[in-house]
Amino acid sequence: MVKHDVKVFSSLEEMSWAAACAFEDLSRIRAIENKTFSAALSGGLTPRLLYQILASRALLGRIQWKNIHLFQVDERCVPPDHPDSNYRMIREALLDNADIPAENFHRMQAEQADLEQAARDYAHELARVLQPQDGDRPRLDIVFLGMGPDGHTASLFPGTAALEEQSVWVRPNHVERLGMRRLTMTFPLLNTAAHVIFLVAGADKAEGLRKVLEGPPGQLPAQRIQPLDGSLSWFLDEAAARKLSPATRGEP
Ligand code: 6PG
């Protein structure tokens, strides 16, 4: 069985603070190296507290936002001020409350009529900022991912076409079950990241998490997050981790 790096926290708050510290530590290393630090942020509800902590007075002055570039993992095909917009959640939780240069946040323009063009434009933005070597994929320093009860991550849902994408970094994905289209980073890009941290909280995730971490491999989208040359960590709260074996939880 694959050995996962699983950290179980007593609460969403403790988990979110641990994720914020990981972000701060990794961004500080890149600042010391005088290099850009790049992070890809998921939407949904779980990461909101993390984003609020990153913008909080407690971390004021401890994160060098001027050399940090923020990207989106995925976006719903709604206007940026729509209640369902991941951008709106990130803006309200983080961007409106931290001293982040406007040009350092790269919004997925999933409201565009031509989603294929929006995907190409976003890939060009990733290349412009991260400047991969010719033929290489851009390497994000950190990616925060969520997971749905069905084992989806990003907007890579079970049974959808984007699961099979092997080349482009960003693409549209039609999610039949939700009756909506999304724009999402793909496995090839996500698996090129240096550090991937799943943030999973809540009892509704427990069964899906057990299947992902302890079930047969290759069945669920979240299982296909396997960084080629990077770390993969699972930050869980107790409620989400309650169905995991002691071995999976890293306990004796
Ligand atoms: C989205 C997210 C998605 C999310 C999971 C978990 O656009 O909804 O990117 O992948 O991470 O659905 O969502 P919650 O954190 O709200 O449970």
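Predicted model: local features only at pLDDT ≥ 70, side-chain atom pairs only at ≥ 80, totals over all residues.
Q: What is the strand order in the open sheet of seven strands?
A: The order is E1-E10-E9-E6-E2-E3-E5, and the pairing is parallel.

Q: Which strands stand at the edges?
A: Strand E1 (5–9) and strand E5 (105–106) do. Each has a single partner strand, so one side of each lacks a neighbour in the sheet.

Q: How many bridges join E1 and E10?
A: Five bridges, in the parallel sense. Asp5 stands opposite Ser233 in E10.

Q: And how many between E9 and E10?
A: E9 and E10 are paired over six bridges, also in the parallel sense. Here Ile197 has Ser233 of E10 as its bridge partner.

Q: Is E10 enclosed or open, and why?
A: E10 is largely enclosed by the rest of the structure, because five of its seven residues are buried.

Q: Moving on to E2, how many of its residues are buried?
A: Five of the five residues of E2 are buried, so the strand is largely enclosed by the rest of the structure.

Q: Which residues lie on each side of E2?
A: Phe37, Ala39 and Leu41 are on one side, with Ser38 and Ala40 on the other; both faces are covered. As a general point, side chains in a regular strand alternate between the two faces of the sheet.

Q: What does E2 pair with, and over how many bridges?
A: Strand E2 (residues 37–41) pairs with E6 over two bridges in the parallel sense, and Ala40 stands opposite Val143 in E6. Five bridges join E2 to strand E3 (residues 68–72), again in parallel, with Phe37 opposite Ile68 in E3.

Q: What does Val143 touch, leaving out residues up to four places away in sequence?
A: Val143 touches Ala40, Val73, Leu190, Ala193, His195, Val196 and Ile197.

Q: How many residues does the largest nonpolar core have, and which have the most contacts inside it?
A: The largest nonpolar core has 44 residues. Those with the most contacts inside it are Phe71, Leu126, Leu140, Val143, Met185, Leu209 and Trp234.

Q: Which elements supply that core?
A: Among those supplying at least two residues each are helix H4 (115–130), strand E6 (142–145), strand E8 (180–185) and helix H6 (206–214). The largest share, eight residues, comes from H4.

Q: What about the second core?
A: The second core is separate and has 35 residues, including Phe37, Leu94, Leu95 and Phe105.

Q: New topic: which residues come nearest to the ligand?
A: Of the 14 residues around the ligand, Thr46, Arg76, His152, Ala154 and Lys205 come nearest.

Q: What are the distances from ligand oxygen atoms to Arg76, Asn86 and Ala154?
A: For Arg76, an N or O atom of the side chain is 2.7 Å from a ligand oxygen atom. For Asn86, a polar side-chain atom lies 2.9 Å from a ligand oxygen atom. For Ala154, a polar backbone atom is 2.6 Å from a ligand oxygen atom.

Q: How much of the ligand does the protein bury?
A: The protein buries 88% of the 420 Å² that the ligand exposes when taken alone.

Q: Where is Ala154, and what is its phi?
A: Ala154 is in the loop between E6 and E7. Its phi is near 50°, a positive value in a residue other than glycine. Most residues other than glycine have a negative phi.

Q: Is Ala154 buried or exposed?
A: Ala154 counts as buried, at 9% relative accessibility.

Q: What about Asn34: where is it, and is it buried or exposed?
A: Asn34 lies in the loop between helix H1 (12–32) and E2. Asn34 counts as exposed, at 71% relative accessibility. The phi of Asn34 is positive, near 60°.

Q: Where does Thr160 sit, and what is around it?
A: Thr160 is in the loop between E6 and strand E7 (170–175), and counts as buried at 9% relative accessibility. A polar atom of the Thr160 side chain is 2.6 Å from the backbone oxygen of Phe157. Leaving out residues up to four places away in sequence, Thr160 touches Asn173, His174 and Val175.

Key. Residues numbered from 1 in each chain as written. Heavy atoms only, no water. Core = buried A, V, L, I, M, F, W, Y, C linked by side-chain atoms within 4.5 Å. Buried < 20%, exposed > 50% of the residue type's maximum accessible area, 1.4 Å probe, protein only. Helix = DSSP H or I, 4+ residues; strand = E, 2+ residues; numbered from the N terminus. Contact = heavy atoms within 4.5 Å. Near = heavy atom within 4 Å. Polar contact = N/O pair within 3.5 Å; in protein donor to acceptor, adjacent residues only side chain to side chain. Areas by Shrake-Rupley, 256 points an atom, 1.4 Å probe, with all protein chains shown as cover. Pairing = 2+ DSSP bridges.
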